[in-house]
Amino acid sequence: MQIGIDQLAFYTPNTYLDLVDLANARGEEPDKYRIGIGQSEQAVIPVTQDAVTLAANAAIKVVDQSNRDKIAMVLFGTESGIDNSKSAAIYLKRLLDLPDNIRALEIKQACYGATAGVQFAADYVRLHPDKQVLVIGADIARYGLHTPGEVTQGGGAVAMIISAAPRLLNLDDETAFRSEDIMDFWRPLYRSEALVDGRFSENVYIDFFKAVWLDYQNQTNRTIADFTAFAFHLPFTKMGLKGLRAILPEATETQQERLKANFEASRQYNRQVGNLYTGSLYLSLRSLFDNAALKPGQRIGLFSYGSGAEGEFFSGTISDQFKAQKSRQWFKTFFSNRKRLDVAQYERVFSQTLPQHDVYLDTSYDDARFVLTGVQHDQRQYLDRDQHKVTE
Ligand code: CAA
């Protein structure tokens with residue numbers, strides 16, 4: 001029985017910053033950002049979007065009457081949680097109007113949370129093949145104005161349905177993972193921006209990738225020749241390129257050309273969105289699905305990395321039911337319709353954080369279906385515009 005990713009949708013707000021504008025404002029060479037970092041644009045997240053609304057706006061694309069009653073769990077990977085106790089999954093479950101007889105919980109381990117969700121979901125579906133699991137990766141990547149990490153900000157959400165007989169990717173059973181207590185990137189409870197030891201974090205990412213890749217090969221006897229493409233966690237797209245380059249010498253020249261071309265396909269969307277932490281690997285997978293010429297049966301390798309640190313290398317084969325480039329046109333239209341903010345506008349949006357008292361937010365400039373309308377009695381207020389009702 002094949003288990004894997006049946007649906008994979010994405011959401012990010014309709015405002016962005018062009019990184020040439022940011023480079024000019026910060027006195028950096030635009031090519032440092034475009035080539036050295038590998039980013040062209042980054043999503044700018046308004047205060048009316050949080051991890052819950054980002055997730056709801058993505059998830060509504062993969063949940064409908066055909067699968068609503070099959071969903072047994074909502075596993076919400078995030079490091080941008082809105083509450084120290086209550087999980088974002090519970091809010092999401094209500095916004096999506098899912099039935100009550102489900103499990104809904106949040107998973108945190110930096111950018112690795114969604115991958116934990118995918119693996120736990122796959123294990124569950126192996127035992128309960130008539131059920132589905134909704135897995136979310138939703139985050140807002142914030143380092144701060146005028147910091148080295150600023151160029152690697154972004155945000156958004158992916159929503160995936162894990163099921164039997166999946167229409168996108170059949171997950172292989174073998175997987176290699178590793179965890180170690182490392183201070184490369186962290187965010188204490190009192191901070192809204194991450195702390196990071198930038199260059200160190202890049203080195204740990206590569207070390208973890210090499211270690212789990214070796215472990216995976218030892219487990220499976222597969223080699224780089226068995227892979228059509230790799231998708232990486234992309235905090236910025238050059239990071240994935242560095243990962244790929246670390247193993248490319250294991251491939252023949254022809255294989256290298258194919259892997260490099262497919263890597264370009266896998267980073268197109270991330271280049272325009274920036275880091276979305278735990279969803280980044282899966283946005284890259286979506287980009288690969290839409291922009292590479294993939295065929296059923298071809299094997300894809302996936303590297304997930306969450307600072308702090310947890311890494312996992314796993315794989316899957318393209319499903320027989322795979323429909324190539326399904327959402328490519330949607331992304332094209334979406335990116336060309338986004339509103340470009342200048343640096344002053346971006347800085348204003350970035351600096352607008354949710355106050356710790358009752359507030360009504362102006363949502364008129366946010367075109368999302370699900371929005372955060374404010375806070376009342378320390379409770380976030382959400383609006384589903386299609387239902388025209390305030391949920392609390
Ligand atoms: N043209 C082309 N390239 C240029 C250039 C130019 N004019 N000027 C500089 N560059 C290149 C540099 O040579 C360098 O390339 P290499 O990395 O290949 O050496 C690259 O641009 C970046 O330059 P710097 O290293 O000088 O950049 P920086 O010191 O300003 O910081 C950074 C870069 C460390 C990535 C910083 O943006 C950062 O801290 N980002 C956040 C941390 C991060 O994303 N870490 C990734 C691993 S952790 C993780 O994956 C989890 C997660 O999501 C956070």
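In which loop is E79 found? E79 sits in the loop between β4 (71-77) and α4 (88-95), where helices (H or I, at least four residues) and strands (E, at least two) are DSSP runs numbered from the N terminus. The model is predicted, and in it local features need pLDDT of at least 70, side-chain atom pairs count only at pLDDT 80 or more, and totals for chains, interfaces and linings use all residues. Residues are numbered from 1 along each chain as its sequence is written, and side-chain values use heavy atoms, with hydrogens and water left out.

On a 1 Å grid over the protein atoms alone, a pocket is an open set of points with protein on both sides within 12 Å along at least five of seven lines, and its lining residues have an atom within 4 Å of a point.

The unreviewed UniProt entry also carries the annotation "binding site", which covers Y143, K242 and N275. The lining of the second largest pocket includes Y143, K242 and N275.

We can now turn to the helices. Two packed helices are described by the angle between their axes and the distance between the axes. Here the axes are lines fitted to C-alpha atoms, for helices over the stretch in contact, and angles run from 0 to 180 degrees between N-to-C directions.

Helix α3 (residues 51-59) and α4 have axes that come within 9 Å and cross at roughly 45°. The helices α3 and α4 are therefore oblique to each other, given that angles under 35 degrees count as roughly parallel, over 145 as roughly antiparallel, 65 to 115 as roughly perpendicular and the rest as oblique. Their contact, meaning heavy atoms within 4.5 Å, is made by V52, A55, A56 and A59 of α3 together with A88, Y91, L92 and L95 of α4. By class, this contact of α3 with α4 has 8 nonpolar, no polar and no charged residues, where Ala, Val, Leu, Ile, Met, Phe, Trp, Tyr, Cys and Pro count as nonpolar, Asp, Glu, Lys and Arg as charged, and the others, Gly among them, as polar.

Helix α1 (residues 19-26) packs with helix α11 (residues 343-351) at an angle of about 90°, with their axes 10 Å apart. For this reason α1 and α11 are roughly perpendicular to each other. On the α1 side the contact is made by D21, L22, A25 and R26, and on the α11 side by V343, Y346 and E347. The classes in the contact of α1 with α11 are 4 nonpolar, no polar and 3 charged residues.

For residues 251-342, UniProt lists, in an unreviewed entry, "domain: Hydroxymethylglutaryl-coenzyme A synthase C-terminal". Over residues 251-342 the chain is 47% helix and 22% strand, and the end C-alpha atoms are 43 Å apart. Helix α8 (residues 253-273) and helix α9 (residues 280-291) pack at an angle of about 125°, with their axes 7 Å apart, and α8 and α9 are therefore oblique to each other. By class, the contact of α8 with α9 has 5 nonpolar, 8 polar and 3 charged residues.

Two details of the backbone remain. The peptide bond from G308 to A309 is cis, with omega near 5°, and A309 is found in the loop between β12 (299-306) and β13 (310-318). D97, in the loop between α4 and β5 (103-107), has a phi near 60°, which is a positive value in a residue other than glycine.

Notes: UniProt positions are given in the numbering used here, feature names are shortened, and annotations may be inferred rather than shown by experiment. On a 1 Å grid over the protein atoms alone, a cavity is a set of points where a 1.4 Å probe fits but cannot get out, and a pocket is an open set with protein on both sides within 12 Å along at least five of seven lines; lining residues have an atom within 4 Å of a point.
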